[in-house]
Amino acid sequence: QPLKLTEFCQTLVAEWHLSPDSLHRLVFTKHKEQSIVIYADTALLKQMVTQLIANALRYSPDGGTVQIELCDQQNGIVFCVQDQGIGIPVADRERVFERFYRASNASSIPGNPGAGLGLAVVKWIAELHGGAVKIANAAGQGTLITVSLPIANKTTALAIDE
Ligand code: ATP
């Protein structure tokens, strides 16, 4: 169904209660265009965003800011999650979307190892929505994951604004 992306992201980020002693900061930067509408399955999209935020926090053991942003792209919008964590080695970037694959530096994270399924699910959900997920070169240290999503047309946007 049509979904207002800015509000959706804002709510998800606001609902994310970092523990008071968390070393992390979670920041959502609004897009200048308030009414970005996409067609999406709300539950799946929530799962996708939640997974990306959880990864960003998990692979940033020393804290830092996790920045969530909506950026423009021709015919669509890009959902971006940037962290300042351990990063994904270039050699692993293709394969981390495979089920059960973990990057070579993942074992440096203390605590329970992940199953290596999260990004496979993210890719599946992105593609189901006509989008694509990529690992971009993060500026400096960390990881930048982008999910491009097609936006709904203006008529739909206006219809659900009323
Ligand atoms: P889970 O299935 O519990 O999420 P996981 O985190 O191991 O486990 P994925 O989410 O599929 O699995 O991620 C695959 C691998 O990609 C991880 O094991 C890790 O090596 C790497 N990775 C994913 N996100 C990040 C990130 N934000 N920073 C650094 N490495 C990451």
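The following exercises, each with a worked solution, concern the predicted model shown above.

Residues are numbered from 1 along each chain as its sequence is written. Because the model is predicted, local features need pLDDT of at least 70 and side-chain atom pairs count only at pLDDT 80 or more, while totals for chains, interfaces and linings use all residues.

**Exercise 1. The shell around the ligand**

Task: Determine which residues come nearest to the ligand and which helix gives the most to the shell around the ligand.

Solution. 
- Step 1. A residue is near a molecule if its C-beta atom, placed from the backbone, lies within 6 Å of it.
- Step 2. There are 20 residues around the ligand, and Tyr 59, Arg 102, Ala 103, Gly 114 and Gly 118 come nearest.
- Step 3. Helices (H or I, at least four residues) and strands (E, at least two) are DSSP runs, numbered from the N terminus. At least two residues of the shell come from each of helix 2 (42-58) and helix 3 (118-128).
- Step 4. Helix 3 gives the most, with three residues.
- Step 5. For the classes, Ala, Val, Leu, Ile, Met, Phe, Trp, Tyr, Cys and Pro count as nonpolar, Asp, Glu, Lys and Arg as charged, and the others, Gly among them, as polar. On this basis the shell has 11 nonpolar, seven polar and two charged residues.

**Exercise 2. The span of helix 2**

Solution. 

**Exercise 3. The packing of helix 2 and helix 3**

Task: Describe how helix 2 and helix 3 cross and which residues meet.

Solution. 
- Step 1. Two packed helices are described by the angle between their axes and the distance between the axes. Axes are lines fitted to C-alpha atoms, for helices over the stretch in contact, and angles run from 0 to 180 degrees between N-to-C directions.
- Step 2. The axes of helix 2 and helix 3 come within 9 Å and cross at roughly 145°.
- Step 3. Residues are in contact if their C-beta atoms, placed from the backbone, lie within 7 Å. Leu 44, Gln 47, Met 48, Gln 51, Leu 52 and Asn 55 in helix 2 meet Gly 118, Val 121, Val 122, Ile 125, Ala 126 and Leu 128 in helix 3.
- Step 4. The residues of this contact comprise eight nonpolar, four polar and no charged.
- Step 5. Leu 44, in helix 2, touches Ile 125 and Leu 128, not counting residues up to four places away in sequence. The C-alpha atoms of Leu 44 and Val 121 are separated by 9.6 Å, although these residues are 77 residues apart along the chain.

**Exercise 4. Burial of selected residues**

Task: Classify Lys 123, Leu 44 and Gly 140 as buried, partly exposed or exposed.

Solution. 
- Step 1. A residue is buried if 20 or more other C-beta atoms lie within 10 Å of its own, exposed if 12 or fewer, and partly exposed in between, with C-beta atoms placed from the backbone.
- Step 2. Lys 123, in helix 3, has 20 other C-beta atoms within 10 Å and is therefore buried. Leaving aside neighbours within four places in sequence, Lys 123 is in contact with Phe 97 and Val 133.
- Step 3. Leu 44 has 15 C-beta neighbours inside 10 Å, so Leu 44 counts as partly exposed.
- Step 4. Gly 140 lies in the loop between strand 6 (132-136) and strand 7 (144-150). Gly 140 is exposed because 8 other C-beta atoms lie within 10 Å.

Note on methods: Two residues are in contact if their C-beta atoms, placed from the backbone, lie within 7 Å.
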